[in-house]
Structures are given as C-alpha cells and as structure tokens.
Amino acid sequence: MKNNQTLITPVAITAYSALSASGLGSEALYQSLAENHSELAPLSLFNVPFPAYVGEIKQPLLSICEELADYNCRNAQVALTALNDEQGGVRAAVETAKEKYGAHRIGVIIGTSTSGLYETEDAYGVLLDTGKMPDDFHFVTEHAYQATGRFVQLELGLTGVCFAISTACSSGAKAIAAGQRLINSGLCDAVLVGGVDTLCRLTLRGFRSLELVANQPCTPMDKNRQGISIGEAAGLMLLEKPHTDNAGKMKVLSVGESSDAHHMSTPHPEGEGAALAMRNALQLAGLQAESIDYLNLHATATKINDRMESRAVFSVFADAVPCSGTKGITGHTLGAAGALETIIALLALKHQFIPGTQGLQELDEECQCQVVKAPLSKQNMQIAMSNSFGFGGNNASVIVGL
Amino acid sequence: MMKQLFIKSYAICCPDAELLAPFGLLGSDIDKSLIPAAMRRRTSMTTRMAVTAAKLACTQANIDSQHLASVFASLGGEIQVTDALCRLLPDENELLSPTQFHNSVHNTTAGYWAILNKCQEASTAIAAADDTFAMGLIEVWSQLQQQGSGERLLVCYDEYWPQYLAPPIGLAAFACAFVLSTDAEQAIGSISLPQVSEQAEQSFPLEWLMLTESAPAAAVIPLLMALQQETQETVPLNIKTPIWSSCVSAREFEHGK
C-alpha cells in the first residue's frame, strides 16, 4: 500500500478479553504484566522428546454446546471461554451490537495458525493404528482454518461476513486490520476480531526442527537468548464504527502490513519488511514516529528475530520509543500473538505503564532501541503500537489509541 | 461505496484439463518455467498451481507484480505438506523437516509469491470453508474501498487431498487467479459486491456442484463462464446455503480486450 495517501478512520474497541497462561480476562493478564511474572512452565498437555517451557492455559475451559458438537476442539473451547469472560464483556457487547445493527451487519474475523490441529494429531494416531480416522473427527469444522471463527459466529447467532486469516504469527494482527477495513468500507458495522491458537505437537516439534525452541523460559532481547517458548491464547475484541456512544472507548487507529519477500522462515536481516509495516501503520494513521508512547515488540527471543527487529525499530524510531517484549510472560502465542499483544498495548494505555521484558538479564549490545526491562509507570500515554511478524515474511503493526 | 470492481484478467490452472470441458473453459497445467528450479523443488503442488494461475493472470493484465498486493484464498492450503507431517507425529522420535514445517503454514503460497516477485506489498491468506472465494472477494473489496483506488491479485486454489480427511474434498485440484481493479480501463468485466441471495443450490448445474464439492475453489466457475460468454448475470459464488452472489457484467468492456 505504498502509494496509499488516504488516512484510515479509527474504529472503537467496545469490548475485549484475553485468555492465556496468565488466566482468564485482561485484568489477569495485567497482573502478570504489572508483576513482570513469567507464566511459562514445563509443557504438560502432551509429550515432546525435549525440554519445553510453554505458556499453557491451565484455566478450565468451557464446553461446546451439543448443537455445535462438530466444532468441539481445544481451539474452539479457548475461544468460547474468552468470549464468555464476563469482566471482558465481549459476548454482552456483541448482543448489544446485534440489537443495534442486526446480526447480518456483524462480521467475525479470527486469526489462527493451526486451528484444531491438536485434535487432528490424535486422529492421525488412530488412522495409523487402524487405517481409519475416528468417527468423531470432523476436518472442516475442527481442523480447517475458519473452524473457530465459524464456531464463534454460530454460537453468537451472527450471519455476516466470516473468515479466518492464517498468516502464521501475524494472523491475529491481520484479523484486526481486516475488521477495521470491513467497518470503514461500510461492509460491516461491527466486527468481532482476534486470534486464537492452541498448543500442538506440530508447532513444538516444527520449531524445534528449526532449532528455534529454547530449553529454558525465553529471554527476549537478551545477549544470551536461546529461542522461543511457545504459548497458547485467545485475544478477542469487538470493533465498532465510531459513534458518540463509543467515543470514550479505546480505538484501533491503523494496521500497517508488508511482506519481506526474503525467505520463508528467516526474516530480512535488516528488518526491511518489519520497518515497512511500522511505517505503513504510522502513515495510515497520519502519525509521526514521535506519537508512539509504547511499542510492544514481536521479540520472540530467537537470535535473528530480535536482532532484525531492533534494527527495524531503530530505523523508524531511533531510540526514542520505550519498547518491551512480553513473550517471557505469555510465551509466543503464534496466531493469537497479534491480538493478545494488541490487548497488552491497550492495557499499557489503560493503566498508563510500560510493561517489562520478562527474562531479559543483559541487553544484547547490538540492540540499539530503548528496551524496558522492568515495568514502569508513565504519564500521558495516548498511543501504542504492537508488532507481529510471521513465516512467509508476513508483517503487521497495529496502532491503538486512548 | 464502490458500485463494482473491474476484472482486468483471470487465469485457471487445472492439471486435469478434462474437468473444465463441461464448462467450456480452458486452463493451463502447472507451468514449471514460471517457477525457478530451486523454488520448484521446495514447493508443493498447491503452491505451484496457485503461482501458475497468478503469473498468467498478471501477464494477461500486463501488471507489475512487484507492486501488487495480494489475497490468497484456499479452504485447506498446504494440506499435503500438513498431512505428511501429521503422519510422523504419533512417533515421538520422528524428526520433522524444517523446510516442510515452514511450508505447512496457510500463507506458504503468499510467502513464495512475494519472494518470487520481490514484492513487499501486503499479502494475506484467508479461509472460509465453502465460502472461501466469496470471502476472498469481500476482503479484496474492502481493501480497495479503503484505499480508494488500485489493483489486487486474488488467487483461490485447492489441491488433491487424502480421502480420509473430508471426502470428497480434494478429489480434484483447481486454481484460479484474478487481477481486480477500481479502474475500468482495459477491463474484461465488472463484478458487484457479494451479497447473500435467495438462490438455492437445487437450481445449480450438477457438474458444477460435483466439481466444487471436490475442489472448493471451483466455486469461481459460474463467474468465469459469464466472462467467457460475455454475458451479464447474477452468479453464485458458493454452493451451500446461504448462497453469496454477485452481478457480473462482461459485455460493456468488450472494447477493453
């Protein structure tokens, strides 16, 4: 969108909720952030043949109703539990929006990288033993990428636009982008957006095969960082067209997107694509770099991501913006990360603080940007950015504002 | 609100050409010459099909693919790669191939397309089961509406699937790519915003229903037939209720060819 000079209109975030290793609700997430407390622990959901610290959801999950049993999988249960979080009030906000706009005017765009793959893995065990998939295996309604989004749409009785975005670790951020566009283009009045991803063997063993999984809890931006700790989460928000009713709510100002055009799993070494996403976000919102009060980094704690990201951030902001990476608290929640970490940016604005970088001991001297180690209060924060970069060189930067 | 999007070009890649005969459409086989050898060795059939269709559509539209943002729409994406990895997972000691792992993501084709064209524009990968093509059009529509003017590449594709997953999905493989624009110049047709319609699947031609049940991306065929036959009509964009449909108009742009 290089030639795009048009500004994008902000949309209101009328409700949001998160479910992660920190527990249910954005306030539980805030507690972990405020205390800079790591929620990473040894994997217990299934076995992998190597040590793995993960951000696993230990919270009991809600059950899928009988009528939607074909959608039953951990990913849908995680989505339902976050949706029904009363403190976040996403479900209640959707009900209000339904009365206001009609069920057909409310979209559902959910980002995910692996959808219901965890259950598919179990089904393959049965397939290899017996030559047949188990009777309760439903590929399209569990494993396929749109399954969780469609489940949420049916659960809420919505009938509008509904699709999944699956661009690996930028999925959740790009779902926010699609939601904002659907509202601004007049195709929807409200869109439930977010990211939902759950732990599974393929991602743990796949990242291990790339030699990117840390043996210890991850240490983003640290000189001695060893790789990622994978996590699972749901981050949901209801976006609505701006109106006097929601003028006091926080807003999505813009989402900048770009491609690296470099390599499938290794980011551009200078962070060209990452910098382009941040610049596109600033341009779409009509903001200068100085306007950003806090930047939540992608900061996966791999050698190469953190090096390229710090270069990209420095090229856009120099060392002027306080940044932190929060994956030492929640783990890298993959397709949910873009949504979960946008919620972290909202919490930074709501509580007027800069989250810390849990796990960081000694800052990598190559990192020139202003990385914040321990949480600190900051006044007059108005605008925050969250970065997400995925396989395929797929980048997105979300800007939110008070 | 935009009234229509203009279709600059389309191209089909369908390895089994006979599948297209009932519809009077022509498709290309995977064109190996369009993909460099090193990339060809690493990519799946689905990516090679989608890239073939996308390259042909860009060439026909005479558009610079380096500066073209894109939307890739597929029900299952890299299903063969994912299937091969899933077969290894029950044995805890099996090592996965790192290349196959990063090739299993849904945006694999989008990533290779960006690398192939040195394109740093935004690219997305979406899925919506039977509605995947309709939702791909809606995503393109909202991108261009937001931007005010410009072009997009829309590619929809599904490859052969193992038949224990979701039969009959995957019995056929099909890819189609469009260059869509806010500008009428050189367009071969126009398309209106997809809407939920009163059409019922019982009224649809059996050949199309059967092919689309096997290759969900074949949902585009009524649109392609309208363009081919230079008609103006309302075409369905999926095969299961609720039916999304758009008005297609090919005629008024004949001179643009």
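# Close-up views: ring pairs and salt bridges

**View 1. Ring pairs link A:Phe137, A:Phe139 and B:Trp161 into a cluster.** The model is predicted: local features need pLDDT of at least 70, side-chain atom pairs count only at pLDDT 80 or more, and totals for chains, interfaces and linings use all residues. Residues are numbered from 1 along each chain as its sequence is written, chains are lettered from A and ligands numbered from 1 in the order in which they are written, and side-chain values use heavy atoms, with hydrogens and water left out. Rings of Phe, Tyr and Trp (its six-membered ring) pair if their centres lie within 6.5 Å; planes under 30 degrees apart count as stacked, over 60 as edge-to-face and the rest as tilted.

**View 2. A:Phe46 and A:Tyr118 pair across the chain.** Over all chains, the structure holds 13 aromatic pairs. In this one, A:Phe46 and A:Tyr118 are tilted, with 5.9 Å centre to centre and 35° between the planes. A:Phe46 sits in the loop between strand S3 (41-42) and strand S4 (53-54) of chain A, and A:Tyr118 in helix H4 of chain A, so the pair ties together parts 72 residues apart in sequence. Helices (H or I, at least four residues) and strands (E, at least two) are DSSP runs, numbered from the N terminus. Both A:Phe46 and A:Tyr118 are buried. Buried means under 20% relative accessible area, exposed over 50%, partly exposed in between (1.4 Å probe, protein chains only). A:Arg201 lies over the face of A:Phe46, 5.1 Å from the ring centre. For such a charge, NZ of Lys or CZ of Arg must be within 6 Å of the ring centre and within 35 degrees of the ring normal.

**View 3. A:Glu121 is buried in helix H4.** The helix spans residues 117-130 of chain A. The relative accessible area of A:Glu121 is 4%. Leaving aside residues up to four places away in sequence, A:Glu121 touches A:Cys200, A:Arg201, A:Leu202 and B:Leu89. Contact means heavy atoms within 4.5 Å.

View 4. A salt bridge is a side-chain nitrogen of Lys or Arg within 4 Å of a carboxyl oxygen of Asp or Glu. A:Lys98 is partly exposed at 22%. A:Glu95 is partly exposed at 33%. Over all chains, the structure holds 21 salt bridges.

**View 5. A:Glu270 meets A:Arg311 in a salt bridge.** The N to O distance is 3.4 Å. The pair links distant parts of the chain, 41 residues apart: A:Glu270 is in the loop between strand S9 (251-259) and helix H9 (272-285), and A:Arg311 is in helix H10 (residues 303-317). A:Glu270 is partly exposed at 47% relative accessibility. A:Arg311 is partly exposed too, at 28%.

**View 6. B:Asp130 forms a salt bridge with B:Lys240.** The closest N and O atoms are 3.6 Å apart. B:Asp130 lies in the loop between strand S3 (123-127) and helix H6 (132-147) of chain B, and B:Lys240 in the loop between strand S8 (232-236) and strand S9 (243-249), so the pair ties together parts 110 residues apart in sequence. B:Asp130 is partly exposed at 25% relative accessibility. B:Lys240 is partly exposed at 38%.
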